[in-house]
Amino acid sequence: MPRAGDDPGEEPWRRRAGRAADRAVRLARELGDPALLAFALNGAFMQSFERCGLAPRRADVGAELTSLSVTHGLPGHEVLGRLVRMQALAALGDTAGAGAEAEAVDGLARRHERPLAGVFTAWYRAMRVCETDGWGRAEPLYREVLGVTAQCGMPGLAHGAPALVALVPVLRGDGLPGPGAFDGIDPGPYEPWITPLVLAGEGRAVEARRALAAAPRPPHDLLQEALWCVLARAAGAVGERRVLRRAREELARARGESAGAGSGLISFGPVARHLRAADAALAEGADETEGAERTDPGEGARRA
């Protein structure tokens, strides 16, 4: 996996996968098989993460999958389509639309005995309360949903989830985590991106810069915007301009979205706010560099 500070350019295998998913959807439409088309649309969803800012595409895929499933009586695919749309609309700030999809998912889950679907809507509701009423109101809801998630038999969701939640009040604010803020919290799969931020919060700037240099690019998934924000916050705090510029470039594509809300799990607030902070850190770093050049102690010796 490329490092966060690298620019890998376009990845040929990812382009091929995207083209294959699009072709599968076209073929399924031509064959007129609703179940096959539903599977193909799921594949198109899975290939809609090649860059940040693609929530509108996922909203469209979720809408088509939902409509197809309602028309042809495919409740399992309808649950998926509505969850996809719930997440995408949350990223786009459409609280009413996302909430309607969550209500529909809960109804389907009750009628068709799909209790795990309710875990995702519970996460969404905790996130929505955080967006509308603040962290103080959302914190007890997050504690409750973390407890449910730990027992739901989805280790891929549960592992590292407490660390994601612990990031919420930090990234929705403007500072760094205080010393010890993540003590006893297993970062799980998010460790490479959380560690630089924790080190920066502890004042260990040199170690934070090393960790940033080693951090991989965030995965192409529902949390990529959120993890780029984590990297940007840490990089801005310790002057790691290469990673900060890269994070800003990636996040600029999602300027109109809420960072992380597309996961339906957590939100760090508007991406636009994180971009403004990155711009301020880059400008401050440039001013410091210019000042250092103007006061270069070797300048007098060179002139002499």
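Leaving aside its neighbours within four places in sequence, which residues is Arg-82 in contact with?

**Ground rules.** I'm working on a predicted model, where local features need pLDDT of at least 70, side-chain atom pairs count only at pLDDT 80 or more, and totals for chains, interfaces and linings use all residues. Residues are numbered from 1 along each chain as its sequence is written, and side-chain values use heavy atoms, with hydrogens and water left out.

**Arg-82.** I found Arg-82 in helix H4; helices here are DSSP runs of H or I with at least four residues, numbered from the N terminus. Once I skipped the neighbours within four places in sequence, Arg-82 turned out to be in contact with Thr-66, Val-70, Glu-101, Ala-104, Val-105 and Leu-108. Contact means heavy atoms within 4.5 Å. Arg-82 counts as buried because its relative accessible area is 17%. The cut-offs: buried is under 20% relative accessible area, exposed is over 50%, and partly exposed is in between, with a 1.4 Å probe and protein chains only.

**Arg-14.** Next I looked up another arginine. Arg-14 belongs to helix H1, and its relative accessible area of 17% makes it buried. Again leaving out neighbours within four places in sequence, I got contacts with Glu-50 and His-220.

**Helix H3.** I then checked H3, residues 55-72, which has 18 residues. From first C-alpha to last it reaches 26 Å, close to the 26 Å expected; the expected span is 1.5 Å times one less than the number of residues. Its buried residues include Arg-58, Val-61, Leu-65 and Leu-68. What covers them? I noted that helix H2 (34-46) and helix H4 (75-91) are included in the cover. After H3 comes Gly-73, with a positive phi near 65°.

**The largest pocket.** How much space lies in it? I read off about 510 Å³. A pocket is an open set of points on a 1 Å grid over the protein atoms alone, with protein on both sides within 12 Å along at least five of seven lines, and lining residues have an atom within 4 Å of a point. The volume is the space filled by probe spheres set on the points, which are joined across faces, edges and corners. I counted 21 lining residues, with Phe-45, Phe-49, Gln-87, Asp-221 and Leu-222 nearest the centre. H4 gives the largest share, 4 residues. By class, the lining splits into 13 nonpolar, 5 polar and 3 charged. Ala, Val, Leu, Ile, Met, Phe, Trp, Tyr, Cys and Pro are nonpolar, Asp, Glu, Lys and Arg are charged, and the others, Gly among them, are polar.

**Rings.** I searched the whole structure and got 3 aromatic pairs. Phe-45 and Phe-49 have ring centres 5.5 Å apart and planes at 75°, so that pair is edge-to-face. Rings of Phe, Tyr and Trp (its six-membered ring) pair if their centres lie within 6.5 Å; planes under 30 degrees apart are stacked, over 60 edge-to-face, and the rest tilted. Phe-45 is buried at 10% relative accessibility, and Phe-49 is buried at 6%. I also saw Trp-123, Trp-135 and Tyr-142 linked into a cluster by ring pairs.

**The cavity.** A cavity is a set of grid points where a 1.4 Å probe fits but cannot get out. I got 1 cavity of 30 Å³ or more. The lining of the largest cavity includes Arg-58, Leu-222 and Glu-257, and by class that lining has 3 nonpolar, 3 polar and 3 charged residues.

Methods. Helix = DSSP H or I, 4+ residues; strand = E, 2+ residues; numbered from the N terminus.
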